[in-house]
Amino acid sequence: MNLLAPPFLYMYAAVLCTLLSSKHRAILLLVVPVLGLLSLLSYSTGNHVVLAMLGFELTFVRIDKLALVFSIIFSIAAFLSGIYAWHVRDKIQQVATLVYAGAAIGGVLAGDLITLFLYWEATAVASVFLIWARRTDASYATGMRYLIIQVLSGVLLLAGLLLHYNDTGSIAFEHLGLVSLGTWLIFIGFGIKCAFPLLHNWLQDSYPAATVTGTVILSAFTTKMAVYALARGYAGTEILIYIGAVMTLFPIFFAEIENDLRRVLAYSLNNQLGFMVVGVGIGTELALNGTAAHAFCHILYKSLLFMSVGAVLYRTGTSKASELGGLYKTMPVTMVCCLIGAASISAFPLFSGFISKSLILDASAKNGYYIVWFALVVASAGVLSHSGIKIPYFTFFAHDSGKRPAEAPIHMRIAMIITAFLCVFIGVFPGVLYALLPYQVEYKPYTTSHVLAQMQLLCFALLAFVFLMRKGLHPPEVRGVNLDSDWIYRKLAPGLLPSIVTAVGSSVTSAQDSIKSTAVTLTRRLSGFARPGGVLSISWGVNSMVLMVTVMMLLVLVFNFI
Amino acid sequence: MTEHTSNNSDAKHATNKEQDYTPLAKRFLWADSKHSVEKVILGLSILCGLLFLLDFIIHRHTYVPGEGFPGFYAIVGFLAFTLIVLSASQLRKIILRNEQYYSPHAVDAEHYPEAGLERLEHGEKAKAVDRDATKTGGSE
């Protein structure tokens with residue numbers, strides 16, 4: 001059974017994938033997630049596949065409810081993206097997908113920090129190929145930026161785990177808390193992958209650069225593995241509440257004015273992670289259930305949104321809002337699926353976002369974090385603005401772009417319809433998802449108060465949209481790039497580099513010159529002593545010589561005694 | 001980007017006639033009629049009014065001080081949305097740059113590579129449809 005652990009299955013499949021014909025590879029991408037899920041469900045709670053390596057006991061499969069809910073949704077996401085990517089014949093992308101999904105599941109199942117580190121880096125290395133698979137110079141550069149940041153996250157994790165091992169003698173991946181330099185480093189390593197504010201730019205930079213199918217796959221794993229890692233290691237760490245609250249708010253403004261719809265979704269992903277991070281920070285059973293549930297629903301509706309925008313990109317060659325509009329006429333199925341995704345992320349009642357976000361909002365209110373609660377309510381209205389309205393409206397409605405692309409290919413439609421079905425199913429029957437959650441908590445999302453409050457919030461936000469459109473106050477879709485904090489390392493630092501190099505270079509030369517000139521004057525002075533008439537060239541008397549020798553011998557004596 | 005990519009797929013529906021649309025698409029044609037959109041907006045406004053009135057009839061369970069204030073969510077929803085959009089427009093004035101700003105090290109200004117789309121040359125059922133589409137587009 002050891003050899004059939006889910007992450008290993010994906011790795012075997014990745015090797016096998018290199019040998020198969022293109023059609024069989026596509027089938028393999030569907031079969032492996034199913035086998036992986038079956039293998040996963042065959043384990044009982046506890047540690048399995050414990051292998052002795054490098055003098056450590058490494059736990060490759062640790063099953064508990066928290067790990068289970070994340071690895072189940074990862075398997076589902078891998079399966080759905082396999083359907084969506086049925087047409088892809090690019091071997092590199094297919095192998096990368098298998099390794100990436102397997103590594104993400106491996107990371108979630110890891111029972112110790114070393115195993116976690118191995119899979120943590122594997123996700124980074126495998127996923128970058130989904131960006132490079134676009135095969136342009138620009139995507140190569142973007143991929144490099146992505147890889148550097150992802151590997152940095154892994155290096156921080158490694159440094160942190162070494163320090164932590166030095167402190168405690170344990171590599172177990174249990175609750176860590178911010179207690180030492182080691183745990184802080186691990187925390188920042190997790191934070192990079194979780195796209196904490198100011199550590200977030202890799203996400204918005206790289207996801208829009210990946211291939212049509214690559215972005216769908218990328219959106220599911222890396223960040224949610226980080227959320228899982230935070231929930232495992234830092235539940236109840238108060239600083240996370242505030243980090244999460246900031247994360248829910250600031251990406252909204254950027255999403256609102258971004259033109260590339262896949263980047264809008266990347267900002268929106270960042271905002272959704274904020275809700276999960278708040279849940280981890282609060283750390284009560286209700287809040288952690290909320291985080292797990294929200295991650296589960298989020299992977300589905302975010303995949304669905306990326307799928308529908310991807311289908312548009314596939315058919316029209318662009319995902320820019322300024323170039324799109326009026327596509328509902330010929331892509332109605334994609335449009336309806338996109339609307340379901342939009343309703344789910346906006347948390348309309350009967351859609352999945354509603355039954356998961358409420359848990360986190362309630363947890364923050366019940367624990368007295370009123371300001372954070374209010375931030376989350378405002379952010380919920382913001383989610384409606386960029387993901388709920390902007391994505392479907394400017395793609396499928398708004399001004400008619402005149403484009404009449406064919407409907408998405410049948411396999412993409414199937415993937416989208418299944419995902420959309422799951423979003424609605426979970427929204428209507430939340431009990432199915434709640435049963436999977438880490439803790440036994442009685443929670444009823446469909447109370448009159450909840451539904452009424454949410455409907456008021458969303459309908460009035462919609463009304464505000466109508467009002468702003470009428471008044472011409474809604475920002476139009478224009479082509480362009482919006483600066484974010486990555487400007488510092490993409491523009492400012494490289495811009496300053498030449499002047500820094502010149503400055504350092506010139507100061508080195510001037511230092512060399514001054515050393516040289518000092519040396520020259522010094523030798524001249526010294527040689528002066530030996531010239532005729534200098535101190536060293538005069539003849540000394542016997543008396544003074546004897547005195548000198550005596551002094552020297554005295555000194556030797558003194559030093560001997562010390 | 002539009003020049004060479006859009007016409008690929010235009011072929012199939014180039015007619016742009018309503019009767020060619022699928023039944024599902026026809027159900028949404030109201031979106032193009034100003035009159036119907038007005039009706040929908042009126043419907044939304046009535047719904048909002050009703051939801052607002054319900055606040056005076058139904059007592060909502062609240063945890064947070066002020067949450068019970070009648071119309072709390074309605075006001076927050078409307079104001080938050082408006083303020084977000086307005087401040088985002090201001091933000092754009094500061095941070096918007098030309099699409100070429102990060103070129104050539106960013107994908108913003110580049111066309112999605114046609115080869116990377118892997119348009120279904122090999123696909124199953126969709127083959128016929130897509131072959132048609134690509135033939136006229138002629139960019140393969």
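The lining of the second largest pocket comprises 10 nonpolar, seven polar and six charged residues (nonpolar: Ala, Val, Leu, Ile, Met, Phe, Trp, Tyr, Cys and Pro; charged: Asp, Glu, Lys and Arg; polar: the others, Gly among them). The model is predicted, with local features requiring pLDDT of at least 70 and side-chain atom pairs pLDDT 80 or more, whereas totals for chains, interfaces and linings use all residues. Residues are numbered from 1 along each chain as its sequence is written, chains are lettered from A and ligands numbered from 1 in the order in which they are written, and side-chain values use heavy atoms, without hydrogens and water.

A pocket is an open set of points on a 1 Å grid over the protein atoms alone, where a 1.4 Å probe fits, with protein on both sides within 12 Å along at least five of seven lines; lining residues have an atom within 4 Å of a point. Volume is the space filled by probe spheres set on the points, which are joined across faces, edges and corners. The second largest pocket has a volume of about 420 Å³. Asp362(A), Tyr443(A), His450(A), Tyr63(B) and Glu67(B) lie nearest its centre among 23 lining residues. With seven residues, α14(A) gives the most to this lining; helices are DSSP runs (H or I, at least four residues) numbered from the N terminus.

The largest pocket holds about 1,200 Å³ of space. Its lining has 31 residues, and Tyr393(A), Phe397(A), Phe465(A), Trp30(B) and Val40(B) are the closest to the centre. Elements giving two or more residues are α13 (332-345), α15 (370-396) and α18 (448-470) of chain A and α3 (34-57) of chain B. The most, six residues, come from α3(B). This lining divides into 24 nonpolar, three polar and four charged residues.

Over all chains, 34 aromatic pairs are present (rings of Phe, Tyr and Trp, the last by its six-membered ring, with centres within 6.5 Å; stacked under 30 degrees between planes, edge-to-face over 60, the rest tilted). Phe254(A) and Tyr267(A) are stacked, at 5.5 Å centre to centre and 15° between the planes. This pair joins helix α10 (residues 239-257) to helix α11 (residues 261-282) of chain A, its members lying 13 residues apart. Phe254(A) is buried at 13% relative accessible area (buried, under 20%; exposed, over 50%; partly exposed, in between; 1.4 Å probe, protein chains only), and Tyr267(A) is buried at 3%. Tyr393(A) and Phe465(A) form an edge-to-face pair, at 5.4 Å and 80°, linking α15 and α18 of chain A across 72 residues.
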